[in-house]
Amino acid sequence: MGRSTKPEGVALTGWLCAIAGGLTVIFGAVFALVGVLARALSQQGSDIFAQAGAALDPLSRALLDHFEAVAAVFIIFGLASLVIGVQFLRMRPAARPALEILAWVTLGATLLLEWVTLTVGKQQADMPAGSWISSPITSLILSLLQVLACILIIRFVRNPAVRTAFRAEPPDSRG
């Protein structure tokens, strides 16, 4: 099987990786914008979340307090995913191990963040319940889905047919 023949699932994986990366970049930019607006309003003595009657849990508050770093992480991960997804679609030899590395990093970060979330959740057990989106159950379900996606990606890129398809070949006249 040459590089011209894509194994089943390569196009879908590449597109999903690229789309998720693009959406993550957009989310990071929006998060940065919200952080800038919240900080500007806070400096003027108004807390938009308190005014809206939405008490933030400590983890959400910490993320918003450090929005620059959080937004930068989202944008960097998003750009990496976007570039890797496009290169995976083009079947560049380096894209296969790059996607595996990205999946491992995402897997590790997901497990670490879930541990932090559960630890903070235990510490705030006496706080009033927040919305369903900040619920520890929602966080756990989303984390499990992300872990499952990472495991499936790692298994897919290690598939012998995919490895063979991504092997470097001498450059042809197309460049």
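The largest nonpolar core has 13 residues, and those that touch the most other members are Val10, Phe88, Leu99, Phe156 and Phe166. By such a core I mean a set of buried Ala, Val, Leu, Ile, Met, Phe, Trp, Tyr and Cys residues joined through side-chain atoms within 4.5 Å; buried means under 20% relative accessible area with a 1.4 Å probe, protein chains only. At least two residues of this core come from each of α1 (10-43), α4 (67-89), α5 (95-123), α6 (136-157) and α7 (160-165). The most is given by α5, with three residues.

A word on provenance. This is a predicted model, in which local features need pLDDT of at least 70 and side-chain atom pairs count only at pLDDT 80 or more, while totals for chains, interfaces and linings use all residues. Residues are numbered from 1 along each chain as its sequence is written, and side-chain values use heavy atoms, with hydrogens and water left out.

Which residues does Phe166 touch, beyond those up to four places away in sequence? They are Val10, Phe88, Met91, Arg92, Pro93, Ala95 and Arg96, a contact being heavy atoms within 4.5 Å.

Turning to the whole chain, the secondary structure comprises seven helices and zero strands, where helices are DSSP runs of H or I, at least four residues, and strands are runs of E, at least two. Of the 175 residues, 29% count as buried. Among contacts with a separation of 6 or more, 83% join residues 24 or more positions apart.

How values were computed:
Buried means under 20% relative accessible area, exposed over 50%, partly exposed in between (1.4 Å probe, protein chains only).
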